[in-house]
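Open the model in your viewer and keep the selection tool ready. The stops below say what to select and what is there.

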Amino acid sequence: MAEVAGNTSANANNGQKSFFDLGSFVGDLNIEDETASADISLEGLEEELQECKTDDVVANILSKGTTLREYTKGVENNLRQVELDSIQDYIKESDNLVSLHDQIRDCDLILTQMETLLSGFQGEIGSISSDIKILQEKSMDMGLRLKNRKVAESKLAKFVEDIIVPPRMIGIIVDGEVNEEYMRTLEILSKKLKYSDADLMVKTSKALKDVRPELERLRQKAVSKVFDFMVQKLYSLRKPKTNIQILQQSVLLKYKYILSFLKEHGKEVYLEVRAAYTDTMNKVLSAQFRAYIQALEKLQLDIATSNDLIGVETRSTGLFLRGREPLKNRSAVFALGKRINILKEIEEPPLIPHIAEASSKKYPYEVLFRSLHKLLMDTASSEYLFCDDFFGEQTMFYDIFAGPFSVIDEHFGTILPNSFDAIGLMLMIRIIYHHQLVMSRRRIPCLDSYLDKVNIALWPRFKMVFDLHLNSLRNANIRTLWEDDVHPHYVIRRYAEFTASLIHLNIEYGDGQLELNLERLRMAVDDLLVKLAQMFAKHKQQTVFLINNYDMIISVLKEAGPDGGKIQQHFEELLKNNTSIFVEELLLEHFSDLIKFVKARGSEDPSIGTERPITIAEVEPIVKDFASRWKAAVELMHNDVITSFSNFLCGMDILRAALTQLLLYYTRLSDCIKRINVCPSLAYASTLFFRSAYNVQVIVDDNEHEEKLIGRFRREVMRAGVIQECKRRRFFENTQDKDKRKTREAAKRNRRRRGLPPSRNFGQDKQETSKNKRNDDDGDNWELPDGGIPN
């Protein structure tokens, strides 16, 4: 504001610079006198004055032009006036102030009285608090004494209750029957006996000395009574036709606490009961398994003997050793058949011998083997769980089953050395494997060692019987086994069925050792087949014999599994090779000249001019021979294949391959004829290249059926006009006949061109033509003309 006033004043004095005149404002103020009198320091006064220049009040004073002294006097006058006014106000309110003073004094008097009263109350409350504290201490003391009395009472009551022997308990133990109430009494007696031995203080008490003899007598009486009771119950297990499992579950388990009581308070008696039970169950189960095995032996069907081997000739042993055995049982020696169903019946109940015997049924041994072990598993599982639950011991199971195991081992000791059924042995091995899985799912390990022992006994026996079959093939008498018949040999059929059975039993198990043994057997059969084939005089018969046997082996192996494995692939390769050999032999038998010529001259490279050219004299007899008898030769080939191969499908495949190969040879013959360079017309006349622009050519597709191939070839021949041209050239046509034919054809063309009706002789010519066409169709085929090559 001072600056604004200064700017305004400067504008009024024609732009001269204004400034603050502190001396004129202060007036005649003597600064030195004031400073000296008041001893005031003026240090920093200039800065404060500069700061006051911005204050609004100072700026307002400066703008009015009032001096500081005048302003100070005005302020003092104002203060004095205010003070006088305040005094007047106090004088006016003096009465009110006196009244207020009296009221405050009265309040002080009242508060003093209240303080006296409250002090009295405080004293009384203090005395009451001390009384309450005394009562509280008395109450705590009484509560503690009451608690101690209750504890003493409870301990004394428990002591009295635990050592006292009520008359009712004595009566029940001495004269009562062993039932649920008796077992509850035994529990009470057991607690009293344990209590008397648990604490040293209790042992030394006089009360216990009075009661202890009675407790001991009761213990002895209880032990004696429950021992007699348990022995009586155990003897009931020895009764014939007793269902042991039902008796264990419904009777013995109810008295499980008796064994616990004996184990704690009568250890010697408990051991006697345990030994009695072990001996009883050992004898009972041994007798039952022995009777069951004897009943099963009556149902056994003998499948194989030591002479039932793959390479053993049947005529030498069948008359005497197989006279009483049904023929249908012989097929089960090497073929699996329905015997595989036993692996699907693992969880079925055991056989009931008297029912099976009443129906006069006989079973292979693997069926009896499964039934016996199914009964063993069920019995062992039930007994193992009962021993664990009733006696609380699992080890006593092995003492109980020592007898049954020895009975079964004795049975196997007589069966296994006389078992020559390799299929049955492998089935038993698979049955043991499934039984191990069943026991694993039940989580009962009691038969693990036994099943492993049986498995270990079966494998060497199977290996021995398998080696007998293998040696029978290796040491087979070829002259005795050989038969003058190209159809599948019965020894090879045995091998195929035997191998297929073992492969089928090994699909889900992947036993590498069995696969190696089967490979050894396959090598022996390969050698035997070659030796048997060499007994035939003709090479063609040898090939047919091998093809029939290979095809039979493959057919049987395919029934065992979809893939067949390495063995099936091996025989398929052998079948393919021998089929190719037979096809060549079959074609050489009927078309030897054609094949020899094609192989000799068809493989020559025409681009090289050094080879001898093909002449008409070489081709003409071959073409004439092929055209005259190819149909009859194919018919002979068909009959030969039908009579030689027992499998119709295999024969048809071989015939198809032979016709395909024949067509290939014929195509190569056509290529050779094209290379004859005498003259263009003569050269192509012999290769069925007449009116059409192209010769007839059919490309054989892979695995194409011969009927489809021949049909395509016939259509191509008809489309090219070969048949018509062959018919036209069937007979010799001299010059006169040729002129007549050309005249008739020209007349027909002229009539058609002019739109005239046919001549009178046209119907007769047409009838004659139709008659000739029917005669020609009787021999219509795709062969070359019967006559010589046209001139």
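Select Arg-749, which sits in helix H34 (residues 735-754); helices are DSSP runs of H or I with at least four residues, numbered from the N terminus. This is a predicted model, where local features need pLDDT of at least 70, side-chain atom pairs count only at pLDDT 80 or more, and totals for chains, interfaces and linings use all residues. Residues are numbered from 1 along each chain as its sequence is written, and side-chain values use heavy atoms, without hydrogens and water.

Arg-749 counts as partly exposed because its relative accessibility is 41% (buried is under 20%, exposed over 50%, partly exposed in between, with a 1.4 Å probe and protein chains only). Patch residues have over 30% relative accessible area and no salt bridge; like charges are joined within 9 Å, nonpolar side chains within 5 Å.

**Stop two: a nonpolar patch**

Go to Tyr-71 in helix H6. Tyr-71 is partly exposed, at 36% relative accessible area. Select Val-57, Val-75 and Leu-79 as well: with Tyr-71 they make a nonpolar surface patch of about 350 Å². Helix H6 (residues 68-92) gives the most to this patch, three residues.

**Stop three: a buried charge**

Select Glu-383 in helix H18 (residues 365-391). Which side chain of opposite charge is nearest to Glu-383? Arg-274, 11 Å away; Glu-383 is buried yet has no salt bridge (a Lys or Arg side-chain nitrogen within 4 Å of an Asp or Glu carboxyl oxygen). Show Tyr-277 too: its side chain and that of Glu-383 are joined by a polar contact of 2.5 Å (N or O atoms within 3.5 Å, one able to donate a hydrogen and the other to accept it; residues adjacent in sequence count only if both atoms are side-chain atoms).

Terms used: Helix = DSSP H or I, 4+ residues; strand = E, 2+ residues; numbered from the N terminus. Areas by Shrake-Rupley, 256 points an atom, 1.4 Å probe, with all protein chains shown as cover. Lys, Arg positive; Asp, Glu negative; His and termini not counted.
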